[in-house]
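Grab a pencil and work through these exercises with the model open beside you. Try each task yourself before you read its solution.

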Amino acid sequence: MLKMIIKDLRLSPMRSILTSLSMAVGILSLIASVLIGTTGKDYLQTINAQLSGWSPTYTLTVKDAGTNSSKANAAFLDSLEHSQDAAIAAEYQISSLGVYQHGKIQNATFLIASSNRSLIYPNHLISGIGCPTDNEQTSPCVVVNEAANNLYTVNNSLTIGQFNSISTFNVHVRGVVSDGSTEPVIYMNPIMLQTFFPLLWTPSSITLRVHPHSLSFNESEIKQLVNDMLFDTVGGSVTDTTRTDNAESYDSIVSFLQAATLVSALLLLTVSTIGIINIGMAGIEQRARELLIRRALGATRLSIVCLVVGSSVMLSLFVALGSIIISLLIVGTLPVLLPAASMVQLQYPVSAAIIACAAAVATAALGALAPAIKAARLQPALALR
């Protein structure tokens with residue numbers, strides 16, 4: 001029976017190719033819909049987090065904090081790092097810093113923040129090893145983004161200073177990160193700046209970024225937690241609190257794309273079913289004499305049904321195998337095509353592939369059922385005419 005089914009497929013190769021094409025596109029579309037819902041969502045979340053923080057991110061403004069004491073400041077940053085309820089990072093605003101190029105000081109964006117800021121705003125390390133944590137600052141160093149590549153010299157040195165001073169200071173660039181920003185950004189650790197360059201330590205204010213570990217941890221609880229930390233260390237209090245949460249915007253986009261792709265896949269499989277029925281009916285008309293002779297030679301109605309349905313099922317299995325191979329190649333290639341800043345870990349949707357292949361086989365079986373029943377009802381006596 002298997003040999004007969006394979007031989008039957010070879011009788012009309014063009015018909016088999018056209019039938020398999022819609023099946024293959026349907027299977028790939030089903031796999032793509034799952035990838036859009038998983039990888040696509042992760043990609044948008046990561047890109048959004050690089051600019052706005054993981055959703056939700058709270059921004060707290062602190063006033064009257066005593067940051068001149070390095071001991072109190074270190075205690076404050078340590079309490080932020082060991083918070084159990086949320087990821088909290090401190091950003092210090094110092095507006096008078098600049099970068100020296102060709103003997104002249106120029107404006108640059110300095111982001112002076114604690115090392116745990118990466119828990120809220122993820123960055124991808126492109127080169128180097130990055131700066132140590134708050135408690136491991138043993139030498140002056142910074143990290144820059146891709147747009148700041150032209151600011152430091154070939155020996156990975158960066159010269160910084162203040163606009164109102166002639167003093168200059170050299171820092172080592174320990175790494176380059178991709179942060180989604182097109183403007184040059186220099187990342188500096190506050191402990192490093194206060195320890196090695198006290199003349200540059202003139203913060204005007206502190207901004208805290210907070211991403212709670214649980215959605216039940218609300219704004220008032222966050223404010224109370226931070227105020228307690230401030231009271232125990234540098235003093236001051238929280239004045240303003242704002243929340244950034246863009247999750248709903250990209251969730252709706254991803255859901256729409258996933259639904260559209262899924263509907264397209266189902267439509268393609270439906271068209272494939274209709275195509276199989278039409279081709280099968282036409283094939284029965286063309287092969288009527290052959291099937292009648294087989295019936296006259298003793299073939300049972302069940303064997304005729306198995307022959308017709310088996311041809312379609314066998315074709316769908318070949319198509320499913322080919323589609324899986326193609327999808328594996330596509331998923332394997334996607335990490336190369338995605339930008340490094342995405343930091344998305346692609347995982348092949350095995351369950352979706354199994355469901356898609358099962359749907360293709362079921363589609364082929366259902367599409368071939370009507371032609372098979374028609375073939376089984378042919379009367380052997382007609383072959384004698």
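**Exercise 1.** Is phenylalanine 217 buried or exposed?

Solution. Step one: phenylalanine 217 has 13% relative accessibility. Step two: compare that with the cut-offs, where buried means under 20% relative accessible area, exposed over 50%, and partly exposed in between, with a 1.4 Å probe and protein chains only. So phenylalanine 217 counts as buried.

A word on the ground rules: this is a predicted model, where local features need pLDDT of at least 70 and side-chain atom pairs count only at pLDDT 80 or more, while totals for chains, interfaces and linings use all residues. Residues are numbered from 1 along each chain as its sequence is written, and side-chain values use heavy atoms, leaving out hydrogens and water.

**Exercise 2.** Find where phenylalanine 217 sits and what it touches.

Solution. Helices (H or I, at least four residues) and strands (E, at least two) are DSSP runs, numbered from the N terminus. Next, list the contacts (heavy atoms within 4.5 Å). Leaving aside residues up to four places away in sequence, phenylalanine 217 touches Asp85, Pro212, Ile222 and Leu225. Last, check alanine 86: it is 131 residues away from phenylalanine 217 along the chain, yet their C-alpha atoms are separated by 8.4 Å.

**Exercise 3.** Describe the surroundings of asparagine 73, then look at the ring pair formed by tyrosine 92 and tryptophan 201.

Solution. Asparagine 73 lies in helix 3 (residues 70-81). With 0% relative accessibility, asparagine 73 counts as buried. Beyond residues up to four places away in sequence, asparagine 73 touches Thr67, Tyr92, Gln194, Trp201 and Val234.

Now for the rings. Rings of Phe, Tyr and Trp (its six-membered ring) pair if their centres lie within 6.5 Å; planes under 30 degrees apart are stacked, over 60 edge-to-face, and the rest tilted. That rule gives 2 aromatic pairs. In one of them, the centres of the tyrosine 92 and tryptophan 201 rings are 5.1 Å apart and the planes are at 50°, so the pair is tilted. Tyrosine 92 belongs to strand 2 (residues 86-93) and tryptophan 201 to the loop between helix 4 (190-196) and strand 11, so the pair ties together parts 109 residues apart in sequence. Both tyrosine 92 and tryptophan 201 are buried.

**Exercise 4.** How many salt bridges does the structure have, and which residues do they join into one network?

Solution. Look for a side-chain nitrogen of Lys or Arg within 4 Å of a carboxyl oxygen of Asp or Glu. The search of the whole structure turns up 3 salt bridges.

- Glutamate 91 meets arginine 117 at 2.8 Å, N to O. Glutamate 91 is in strand 2 and arginine 117 in the loop between strand 5 (109-113) and strand 6 (124-128), so the pair ties together parts 26 residues apart in sequence.
- Arginine 209 also bridges to glutamate 91, with the closest N and O atoms 3.2 Å apart.
- Aspartate 245 pairs with arginine 243, the closest N and O atoms being 2.9 Å apart. Aspartate 245 is partly exposed at 33% relative accessibility, and arginine 243 is partly exposed at 45%.

Finally, follow the shared partners: Glu91, Arg117 and Arg209 join into one network.
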